[in-house]
Amino acid sequence: MPIKCSAGCQNNAVLKRPKTGDALCKDCFYWAFEEEVHHTITAAKLFTPGDYVAIAASGGKDSTVLAYIMKLLNDRYNYGLKLVLLSVDEGITGYRDDSLETVKRNEQQYGIPLRVVSYEELYGWTMDKIVQQIGLKNNCTFCGVFRRQALDRGAVLLGVDKIVTGHNADDIAETVIMNILRGDIARLQRCTAIVTGSEGAIARSKPFKYTYEKEIVMYAYFKKLDYFSTECIYSPNAYRGHARAFLKDLEKIRATSIIDIIHSGECFSVREGVKLPTQGVCERCGHISSQSVCKACVLLEGLNKGKPKLGLGKTSKIREHLEGTVDDPPSGGDTSSPDKLETNSDNTDNKKIDFNW
């Protein structure tokens, strides 16, 4: 016997929500999904009328659903936003070039203009070339650091007021776990924030902060949205993958584990007197950084000098290298937690940027 929709509409249910366990028909699921995102946006006051908002678009399920939802809610509730799609071309043949074709179709489907910035344009390197230099062990460190800054630089070029990203509840819970495992107090304190970078920089917000990844996939599937589903060819050894596997095991036992972890992260506080890194501005590019020279500049200098592992060691060693006081370590030497900055830095761009490398 078919199960009826628990929303009381008398239609047959077609799915069971992973987040709540409710059995819903398509239309009630759509409404519940959209209204929850709307509530997240309004409760956190993410936007004000007239904001020019860049949607970080990769062509994947999260960013595609985000673009669709932002367009829909902007029209339905008259947010008064001007929207633009902002994509980063990392230069990964057989992956990013294909996903960018999806974003270009989304541009036409949703009527939102698109701007693409590339690693080659900004840094003079592509990920294909970087992988040739560094291999597959540390490549996510380079890509993560460069991509975050590339988004900020693209936003500055567009002159937007805010950036929205497709980070979902699963992503944030994974980040909490990763920071706990690393003992990274500074990032653990801010990784659950729904808005980052609002102090003198372009603010980034996460409308999907409380939205489960499975529900995003279900929404995209039932809506028949056009998205790219292939995983990055260079990320099989990414550190985040281990946190993701652990989180999925927890979710099987307790479906609310994802939200519970996020709420735990939100309640985290640092004891008074504990010294935390203070954010300043990179003396080379103007990007916000807790060091005198930001991670992107250090990594880029290493690549340009033929020392790709320059930015992968301890801070003191990196400083010595920048000052030219020590030689490069052997190629098989310790790289000291190469994945440390892989996925969860919340650094954002200062609007005053020198684009000359």
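Is Lys162 buried or exposed? In this predicted model, Lys162 has a relative accessibility of 16%. Residues under 20% count as buried. Lys162 is therefore buried.

Lys162 is part of strand 6.

The chain as a whole gives the setting. It holds 13 helices and ten strands. Of its 357 residues, 51% are buried. Contacts between residues at least 6 apart in sequence were also examined. Of these, 71% join residues at least 24 apart.

Strand 7 pairs with strand 8, residues 203-205, in the antiparallel sense. Two bridges join this pair. In one of them, Val195 has Ser205 of strand 8 as its partner.

How many of its five residues are buried? The count is five of the five, so strand 3 is largely enclosed by the rest of the structure. Its side chains point two ways. Tyr52, Ala54 and Ala56 point one way. Val53 and Ile55 point the other way. Residues on both sides are buried. Strand 3 pairs with strand 4 in the parallel sense, over five bridges. Within strand 4, Lys82 stands opposite Tyr52.

Helix packing comes next. Helix 2 (residues 61-76) packs against helix 9 (residues 213-223). Their axes are 10 Å apart, and the angle is about 70 degrees. Angles of 65 to 115 degrees count as roughly perpendicular. Helix 2 and helix 9 are therefore roughly perpendicular to each other. Their crossing is left-handed. Helix 2 contributes Lys61, Asp62, Val65, Tyr68, Ile69 and Leu72 to the contact. Helix 9 contributes Glu213, Ile216, Val217, Tyr219, Ala220 and Lys223. By class, this contact has eight nonpolar and four charged residues, with no polar ones.

Helix 9 also meets helix 1, residues 26-43. The axes of helix 1 and helix 9 come within 11 Å and cross at roughly 130 degrees. That angle makes helix 1 oblique to helix 9. This crossing, too, is left-handed. On the side of helix 1, the contact residues are Lys26, Phe29, Tyr30, Phe33 and Glu34. On the side of helix 9 they are Glu215, Ile216, Met218, Tyr219, Phe222 and Lys223. Seven residues of this contact are nonpolar and four are charged, while none is polar.

Two further residues complete the account. Met127 is in helix 5, residues 127-134. Its relative accessibility is 1%, so Met127 counts as buried. Setting aside residues up to four places away in sequence, Met127 touches Glu90, Gly91, Ile92, Tyr119, Asn139, Cys143 and Tyr234. Asn139 is twelve residues from Met127 in sequence. Their C-alpha atoms are 7.9 Å apart.

Ala193 lies in the loop between helix 8 (185-190) and strand 7. Its relative accessible area is 27%, and Ala193 is partly exposed. Ala193 and Gly265 are 72 residues apart along the chain. The separation of their C-alpha atoms is 9.1 Å.

How values were computed:
Residues numbered from 1 in each chain as written. Predicted model: local features only at pLDDT ≥ 70, side-chain atom pairs only at ≥ 80, totals over all residues. Heavy atoms only, no water. Pairing = 2+ DSSP bridges. Helix = DSSP H or I, 4+ residues; strand = E, 2+ residues; numbered from the N terminus. Axes fitted to C-alpha atoms, helices over the stretch in contact; angles between N-to-C directions. Parallel < 35°, antiparallel > 145°, perpendicular 65-115°, else oblique. Left-handed = near helix turned anticlockwise from the far one by under 90°. Contact = heavy atoms within 4.5 Å. Nonpolar A, V, L, I, M, F, W, Y, C, P; charged D, E, K, R; others polar. Buried < 20%, exposed > 50% of the residue type's maximum accessible area, 1.4 Å probe, protein only.
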